[in-house]
Amino acid sequence: MGTGIASVLARAGIGVELVEADEALARAALERARAAIDDGVSRGRIEAADGETAKARIGSVVGIDGCQRQPRLAIEAVPERAELKLEVLAEIEALEPRLLATNTSGISIDQLATGLADPSRFLGLHFFNPVPAMALVEVVVGAATSEETREDAVALVTEIGKEAVVVRDAPGFASTRLGIALGLEAIRMVEDGVAAAADIDRAMVLGYRHPVGPLRLTDIVGLDVRLDIARNLRDAYGDRFTPPPLLERMVAEGKLGKKSGEGFYPWDET
């Protein structure tokens with residue numbers, strides 16, 4: 001997600017620093033962000049010259065201490081684990097960004113704000129995968145988020161060519177809460193032998209005009225990511241978000257979807 005967000009910001013004329021834990025990860029992140037721009041060029045969505053200019057706006061650093069201080073925006077995009085996010089957000093806040101955001105899909109903004117000195121500058125900017133292709137950004141406002149922060153965030157989302165939907169903080173917000181419910185039920189249907197994954201997806205694409213079915217989307221997002229989100233929502237809302245045993249088993253087997261090459265679909269060709 002972080003590299004996709006970086007590519008979109010760079011295309012909009014904003015300089016970006018990708019932060020990783022070591023040199024190898026930083027190089028890989030930079031390559032992925034630039035590859036996302038190259039993909040836009042190959043699909044005819046970006047002029048070649050504009051793509052080269054955008055790629056030049058993206059850099060990478062090792063560790064938060066290597067970042068420029070007082071950036072316009074800092075976005076946390078680490079895995080969906082509250083303890084990890086709390087740790088990283090506290091480190092980022094020391095840079096004194098004008099806007100501090102999390103890309104969490106479902107963890108409470110107020111919960112993540114507890115470790116911050118100034119939560120008025122903090123909110124959720126929930127981008128969707130794949131970031132360059134998806135128009136929506138959920139702007140999630142916490143109890144301490146200032147009106148100025150909300151307005152700045154909505155303006156930024158518009159500036160980068162996305163559409164903002166402002167929602168109140170609640171676990172899962174609007175999109176994830178609904179999307180996870182659909183995805184978990186689709187997994188239970190596979191588990192119960194109701195239909196094959198491809199047929200379940202085809203029913204939603206053809207019958208409900210979804211651009212992609214819930215199981216293919218689970219593969220794209222990552223089964224491990226969806227498992228973490230489901231666990232968080234189960235803690236917040238109860239048993240209806242309990243992860244199906246099939247999802248638990250597939251993650252334990254390393255079948256994480258597109259990024260591992262196998263999930264509900266084979267992804268070897270990608």
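This is a predicted model: local features need pLDDT of at least 70, side-chain atom pairs count only at pLDDT 80 or more; totals for chains, interfaces and linings use all residues.
Which residue in β7 is the bridge partner of Val141?

**View 1. Five strands line up in an open sheet.** The order runs β3-β4-β5-β6-β7, with mixed pairing. The edges belong to β3 (73–76) and β7 (163–168); each has a single partner strand, so one side of each is left without a neighbour in the sheet. On average, neighbouring strands are turned by 30° against each other, ignoring direction.

**View 2. β5 meets β6 in the antiparallel sense.** Here residues 122–127 (β5) pair with residues 136–141 (β6) over 4 bridges. Look for Leu125, whose bridge partner in β6 is Val139. Phe127 is another one to pick out, standing opposite Val137 of β6.

**View 3. β6 and β7 pair in the parallel sense.** This pairing extends over 6 bridges. Back to the opening question: Val141 has Arg168 as its bridge partner in β7. β6 itself is mostly covered, with 5 of its 6 residues buried.

**View 4. Helix α6 lies across the sheet strands β3, β4, β5, β6 and β7.** The helix takes in residues 147–159 and runs at about 25° to β5; β4, one of the strands it lies across, spans 99–102. Together, β6, α6 and β7 make a β-α-β unit, and its hand is right.

Notes:
Residues are numbered from 1 along each chain as its sequence is written. Side-chain values use heavy atoms; hydrogens and water are left out. Two strands pair if DSSP finds at least two bridges between them. Helices (H or I, at least four residues) and strands (E, at least two) are DSSP runs, numbered from the N terminus. Axes are lines fitted to C-alpha atoms, for helices over the stretch in contact, and angles run from 0 to 180 degrees between N-to-C directions. Contact means heavy atoms within 4.5 Å. Buried means under 20% relative accessible area, exposed over 50%, partly exposed in between (1.4 Å probe, protein chains only). A crossover is right-handed if, with the strands pointing away from the viewer, the path from the first strand over the helix to the second runs clockwise.
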